[in-house]
Amino acid sequence: MRNFLAFIRRFQVLLIFALMQGVALALYFTFVHFPRSQYLTTASEISGSILEIRNDITKHFDLSKNNTNLQEENIRLMEQANAMSFISMDNGLFEINDTVHKQQYTYMPASIINSTHDKRNNYFTLNIGSAQGVKRGMGVFSGKGVVGVIHNTSKHYSVVKSCLTETINIDIMIENSGQFGLLKWNGKDARRGTMWGVSNDLEVKKWSKVTTRGGGGIFPRGITVGKVERADVVEGKPLWDITILFSEDYRSLQRVYVVKNLLLEEQKELESQTPNNPLQ
Amino acid sequence: MNIVVKIGLRFLFILILQVLILNQIEIGFGIQLFVYPLFILLLPVEMSVVILMVFAFALGILIDAMSNTYGLHASSLLVVAYLRPMVFKLFAPRDGYDPLLETNIFSMGNTWFLKVFGLLIIIHHFWFFMLEMFKLNELAFVLQKTAFSAPLSFLICILLQYLFIRNRVEK
């Protein structure tokens, strides 16, 4: 016992150091994989409100670019609406495609009040939270492409795990050929991601469009991710290492939409009835 | 100025500078600027390691709270605080440290500052990027990030001292 006390006294500083280091590292590694609380993140009320004040000043810097993006998106939607909802069948006879009746997704507008793009894992902070109905696991996208998944929420703020994180793992596919895989990011270039899981006996066309697959029920099918820039061979594995050029520039992104899937519970319940389901 | 007020103000200033300004500057090549190790360096010489580590943990975790790293900054600043007495002993002047002087670039001289703070900041950056990556096969990228970021952070720390430290004691 006396030896033990002497040991503690001798290595007092080292032990305190190890203890504090242990706390810090435990916090870090649990946050990366599963956030337990919103305290000590940018979703907390105090840091969220400070960042919102800063954003009130800096948000005007990219205003004209954001307006142009919004206009482009409006034009695309107008063209789509004209083409889809009014289908003429015969002279004097037409069908109205009622989109409200089969609505599966609802969208909430939000602004990004804090973001980084240069770290290994980049998180964005949004100005809406659980009071507006945001929940962990919802998808986030912008007018040009997919942005990320909600990681953590507080009452008025939420943190998005963006496409610029290592384990983002969004279910994506190459639009024309239908080959699907997971989205990853290697931490180097904010304009490029990688697609993992496409078998290399399939042919991958350069510059073909990559979109979300909608498999996990997080995103609707067909939200743009980017374009295939290059397909390299992975040594020792029968897979392509596909480099994707993101369609969205995350470095100047401000306005996003949060997607809520109204039929998610139904899908989860159905999938859970299948024995040995790999999706569980 | 009272030493407690001085340390408190410096704590707040470095926190705000790091979180609201330097965290947003993203130059590319994986460069990230960290000036908060300077706070630990400028604490009084006779302060015990345990109190240093408490300060380090508090400052680190507050920076973490504002940049979604949740313990990463705290961990790397703790290393700096833990190693500070050893590095100080390693590069001690011949007649020891004057407990009344603050250990900044003016009171201790350029060579001392380059050796001590340079070593501490390289250790800090290396620890930070290593934990952030957490993969040994990306060691080259970690070293590249450290090699680019540490000199820039070091320069900013020198600039900060020239801007904000009054009553300079030239050696």
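Trainee: Let's start with H3 of chain B. How many residues does H3(B) have, and how far does it reach from its first C-alpha to its last?

Mentor: H3(B) has 19 residues and reaches 26 Å from first C-alpha to last, close to the 27 Å expected at 1.5 Å a residue. Keep in mind that this is a predicted model.

Trainee: Okay. Which residues of H3(B) are buried?

Mentor: Quite a list: B:Leu52, B:Met53, B:Ala56, B:Phe57, B:Leu59, B:Gly60, B:Ile61, B:Ile63, B:Asp64, B:Ala65, B:Met66 and B:Ser67.

Trainee: And what do those buried residues pack against?

Mentor: Elements from both chains. From chain A there are H2 and H3, and from chain B there are H1, H2 and H4.

Trainee: What follows H3(B)?

Mentor: B:Asn68, which has a positive phi, near 55 degrees.

Trainee: You mentioned chain A. How many residues are in contact between the two chains?

Mentor: On the chain B side 24 residues are in contact, and they meet 22 residues of chain A. Helices H3 (49–67), H4 (72–90) and H6 (110–133) of chain B are the elements that each give two or more residues to that side.

Trainee: Which one gives the most?

Mentor: H3(B) again, with 8 residues. By class, the side of chain B touching chain A has 14 nonpolar, 7 polar and 3 charged residues.

Trainee: Let's go to H1 of chain B. Which of its residues are buried?

Mentor: B:Ile14, B:Gln18 and B:Val19. Looking down the axis of H1(B), they fall within an arc of 110 degrees, so they line one face of the helix. Those buried residues pack against H2 (37–42) and H3 of chain B.

Trainee: What does the face turned away from the buried side carry?

Mentor: Exposed residues: B:Val5, B:Lys6, B:Gly8, B:Leu9, B:Leu12, B:Ile16 and B:Ile21.

Trainee: How long is that helix, by the way?

Mentor: H1(B) covers residues 3–21, so to speak 19 residues, and spans 26 Å between its first and last C-alpha, close to the expected 27 Å.

Trainee: Switching to chain A. Which strands make up the closed barrel?

Mentor: There are 6 strands, running E3-E4-E7-E6-E5-E14 with antiparallel pairing. Neighbouring strands are turned by 45 degrees against each other on average, ignoring direction.

Trainee: Which helix packs on that sheet?

Mentor: H3 of chain A, residues 45–58. H3(A) touches strands E3 (105–114) and E4 (123–126), and its direction makes about 80 degrees with that of E3(A).

Trainee: How many bridges join E6 to E7 in chain A?

Mentor: 5 bridges, with E6 (146–153) and E7 (158–162) running antiparallel. Within that pair, A:Asn152 stands opposite A:Val159.

Trainee: What about E8 and E9 of chain A, what do they form?

Mentor: A hairpin, with 5 residues between the strands; A:Gly178 in the turn has a positive phi of about 80 degrees. The two strands run antiparallel and are joined by 3 bridges, and A:Ile172 stands opposite A:Gly181 in E9(A).

Trainee: Which strand does E9(A) also join, by 3 bridges?

Mentor: E10 (192–196), again antiparallel. There, A:Lys184 has A:Thr194 as its bridge partner.

Trainee: Last one, A:Ala18. Buried, exposed or partly exposed?

Mentor: Partly exposed, because A:Ala18 has 13 other C-beta atoms within 10 Å, and exposed would need 12 or fewer while buried needs 20 or more. A:Ala18 is in helix H2 (12–33) of chain A.

Technical notes. Residues numbered from 1 in each chain as written. Chains lettered and ligands numbered in written order. Predicted model: local features only at pLDDT ≥ 70, side-chain atom pairs only at ≥ 80, totals over all residues. Contact = placed C-beta atoms within 7 Å. Helix = DSSP H or I, 4+ residues; strand = E, 2+ residues; numbered from the N terminus. Nonpolar A, V, L, I, M, F, W, Y, C, P; charged D, E, K, R; others polar. Pairing = 2+ DSSP bridges. Axes fitted to C-alpha atoms, helices over the stretch in contact; angles between N-to-C directions. Expected span 1.5 Å × (residues − 1). Arc of directions from axis to C-beta.
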